[in-house]
Amino acid sequence: MKIFFLFTFLPFLLSAFEQAAASAHYDKILTHSRIRARDQGPNVCALQQVMGTKKKYFSTCRNWYQQSICGKKATVLYECCPGYMKMDGTRGCPAVAPIDHVYGTLGIVGATTTQRYSDMSKLRQEIEGRGSFTFFAPSNEAWDQLDSETHRNLVDNVNIELYNSLHHHMLNKRMLTKDLKNGMTLVSMYNGQKLFINHYPNGVVTVNCARIIHGNQIATNGVVHVIDRVLTSVANTIQDFIEFEDELSSFRAPAITSGVMDILGRPGHYTIFAPTNEAFEKLPRGVLERIMGDKVASEALVKFHILNTLQCSEAITGGAVYETLEGNTVEVGCDGESLTVNGVKMVKRKDIVRSNGVIHLIDQVLIPDSAKQVIELGGAQQTTFTDLVAQLGLASSLRPEGQYTLLAPLNGAFSDDTLRLDQRLLKRILQNHIIKVKVGLNELYNGQELETIGGKLLRVFVYRTAVCIENSCMVRGSKEGRNGFIHIFRQIISPAEKTLHEMLRNDKRFSIFLSLVKAADLDDVLSQPGQWTLFVPTNDAFKGLTDDDKDILIRDKNALRNILLYHLTQGVFIGSGFEPGVTNILKTIQGGKLYLKTVNDTLLVNELKSRESDLMATNGVIHVIDKLLYPAELPVGNDQLLTILKKLIKYIQIKFVRDSTFKEIPLTFYKINIIESNVQPIITKEDPSITQLTKLIEGEPEFKIVREGETITKVIHGGPEIKYTRITAGGSDNEEKLKKILEEEVTKVTKFIEGDGHLLEDEEIKRLLQGEAPVRKAQPTRRAQGGGARRRTRLDHS
């Protein structure tokens with residue numbers, strides 16, 4: 001029995017699903033309208049009417065809840081749904097409208113002018129007779145709005161012109177709205193003329209851009225759809241229209257030279273916002289000449305006015321974004337009866353329908369970013385930057401054929417004090433916001449260095465949700481122009497000038513912290529090249545610390561290093577680079593963890609507020625705090641030290657484990673101990689003298705001859721460093737003695753670092769001393785740190 005039931009009802013279920021799938025947007029919107037009016041009785045539909053007009057819509061959810069259409073207030077109307085009618089003394093629309101032939105149905109739907117013209121033109125007999133027709137019947141208002149001369153010509157020649165015009169509104173088969181698919185082309189009953197159907201997601205259905213305002217009125221011999229305008233024949237293409245329209249001669253020229261005109265002659269469903277001659281006259285002469293003289297820019301300009309979808313004005317009931325042939329997007333919307341492009345009323349004439357699309361004439365030229373110079377890409381929020389670039393003469397240095405990247409701070413980044421700076425200083429600041437090359441957002445990577453036209457190197461830091469350059473992070477809005485990119489930044493970019501150590505030394509607020517750093521032998525960490533984030537407590541963090549307390553701290557070097565190195569972490573972390581409200585965990589050099597997050601643009605470290613963030617140094621960044629940091633999980637085993645720490649740290653409970661000790665933190669995390677030998681001076685004469693040699697572990701080992709009194713030190717980030725052999729002017733010029741000493745010293749260093757290594761040969765030493773280029777390349781027998789590539793010893797001279 002169950003099987004019988006299943007097979008009996010399965011065809012009905014499948015039929016129901018097929019009908020639902022076939023149901024088009026118009027029918028879905030109509031169903032929603034019935035639901036909204038269900039309290040009014042059966043078969044009532046809710047419509048919205050734009051105030052001040054007769055335009056009515058079965059509305060989308062967005063328009064319904066916004067209570068507006070095209071930005072205009074809309075009132076709610078309740079009417080019988082198509083196909084139903086009222087009965088006296090009952091609620092709603094319980095009766096089915098009578099079914100008549102097409103001619104009689106024209107009267108039922110109120111298209112009485114079309115009905116009268118059908119009678120006048122002798123079409124009545126045909127639409128009362130046998131057949132299956134679809135009649136797109138203009139409403140009475142549509143006939144009233146028709147151009148008076150055209151209207152008069154039709155009425156004066158009813159047997160030919162009017163008859164043919166009405167046939168142009170008809171199909172020789174019945175098609176309901178669900179059958180009218182988007183992009184469909186149908187053949188009318190007049191001379192094979194085409195009718196172009198568009199069925200939009202908002203439920204609007206158009207025929208040659210005329211909107212169906214009352215659909216699916218069934219007749220015994222077809223169906224009637226009432227439309228809001230009279231259809232005219234469509235023959236030629238968009239290309240034909242542009243070629244012969246005098247008002248578009250300025251647009252025609254770049255369309256031809258760029259090759260885009262040929263596209264507009266092909267089959268398709270295009271929408272073109274065609275700027276008139278008047279629109280081109282509004283452009284600054286220099287801008288127009290530059291674009292027209294650049295084939296790439298002119299092609300981009302023309303394509304930016306073309307959509308690859310057909311958008312009739314009556315289908316636009318709210319703003320929507322569409323992709324242009326140029327690749328970027330435009331927002332097409334409406335304001336009352338007017339169409340808008342990117343929020344601006346600019347459409348002078350709309351819905352010029354052609355065989356491959358529709359044309360709207362506009363009185364402004366749309367210039368895409370790809371056709372603009374990079375300085376023209378600045379928006380309303382970057383006007384201070386772009387104005388200053390122009391005023392200080394920097395705009396003229398941005399050549400059209402060049403490649404640049406502008407790092408444009410928001411207007412709010414420029415304080416009054418900044419704007420009052422000497423113009424020469426202000427110009428230098430702006431120069432450091434202009435990169436010499438064109439770099440897109442997807443080309444930036446962590447650790448990248450970008451050279452500005454001011455000669456500075458700016459560092460790039462890439463985080464999970466942010467990209468920052470030096471102290472400032474990007475906001476959305478990057479654009480690409482003809483000769484460069486523009487990226488938007490929250491703050492003015494301040495290139496680093498000093499090391500972490502120099503910054504601490506030059507700021508009295510950090511004197512106590514710096515003295516402890518020195519006592520812990522950590523000066524070099526903050527002085528050498530690297531990538532560090534340092535949380536620096538001000539002197540206020542050490543209130544209550546006596547000299548005796550300080551001495552106790554200094555005597556316990558392990559404890560001091562543990563405390564100080566808990567303030568230091570590998571990598572540069574900008575405060576504004578953190579995702580707001582999210583906790584970020586950083587491992588410190590001490591080994592403990594720091595917990596960072598930003599709340600209301602304030603950086604918190606272990607829930608302590610940073611008083612000043614993002615002070616950039618050449619080897620890292622400083623965040624200022626007014627409390628000493630301490631790892632909560634690290635116990636103290638000394639009563640004296642516990643007492644001192646409790647004076648300074650009151651925001652956490654410090655653990656005490658009797659006799660526990662702090663681990664030793666060797667300085668190998670950034671370098672190894674320096675080895676120096678005492679060698680008597682052996683070099684005289686005016687030849688260059690060796691004053692210091694530096695051996696590098698990471699990178700290629702390098703030996704250089706330097707002038708008397710000169711010191712060369714090069715450190716590759718993360719690599720240990722050994723300095724050895726100080727030699728000053730004077731003494732013997734014995735080359736053999738010098739060679740022997742060098743061999744001994746190099747042997748010491750080589751063995752210390754990597755076991756037995758290769759030494760310089762005799763001839764190489766001679767060539768080195770004589771200022772000749774080295775010819776031999778030595779390879780260490782063992783690499784200092786992994787790496788598959790062979791390492792070479794390079795001998796340079798100066």
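At what angle do helix α20 and helix α23 pack, and how far apart are their axes? Keep in mind that this is a predicted model.

**Stop 1: the helix pair**

Select residues 511-519 for α20 and residues 557-565 for α23. The two helices pack at an angle of about 130 degrees. Their axes are 10 Å apart. That angle makes α20 oblique to α23. Turn the view to look across the pair: the crossing of α20 over α23 is left-handed.

Now show side chains. From α20, the contact uses Phe513, Leu516, Val517 and Ala519. From α23, Lys557, Leu560 and Leu564 take part. Colour this contact by class. Six residues are nonpolar, one is charged and none is polar.

**Stop 2: a salt bridge across the sequence**

The model has 35 salt bridges.

Start with Asp351 and Arg229. Their closest N and O atoms are 3.1 Å apart, and the two form a salt bridge. Asp351 sits in strand β20, residues 347-354. Arg229 sits in the loop between β13 (222-227) and α10 (238-244). The pair therefore ties together parts that are 122 residues apart in sequence.

Is Asp351 buried or exposed? Asp351 has 11% relative accessibility, so Asp351 counts as buried. Arg229 has 23%, so Arg229 counts as partly exposed.

**Stop 3: an exposed pair**

Select Asp417 and Arg420. This salt bridge brings the closest N and O atoms to 2.6 Å. Both Asp417 and Arg420 are exposed.

**Stop 4: a buried pair**

Next, select Glu470 and Arg459. They form a salt bridge, with 2.8 Å between the closest N and O atoms. Find Glu470 in the loop between β26 (467-469) and β27 (472-481). Find Arg459 in strand β25, residues 457-462. What about accessibility: are Glu470 and Arg459 buried or exposed? Both residues are buried.

Methods
Residues numbered from 1 in each chain as written. Predicted model: local features only at pLDDT ≥ 70, side-chain atom pairs only at ≥ 80, totals over all residues. Heavy atoms only, no water. Axes fitted to C-alpha atoms, helices over the stretch in contact; angles between N-to-C directions. Helix = DSSP H or I, 4+ residues; strand = E, 2+ residues; numbered from the N terminus. Parallel < 35°, antiparallel > 145°, perpendicular 65-115°, else oblique. Left-handed = near helix turned anticlockwise from the far one by under 90°. Contact = heavy atoms within 4.5 Å. Nonpolar A, V, L, I, M, F, W, Y, C, P; charged D, E, K, R; others polar. Salt bridge = Lys/Arg side-chain N within 4 Å of Asp/Glu carboxyl O. Buried < 20%, exposed > 50% of the residue type's maximum accessible area, 1.4 Å probe, protein only.
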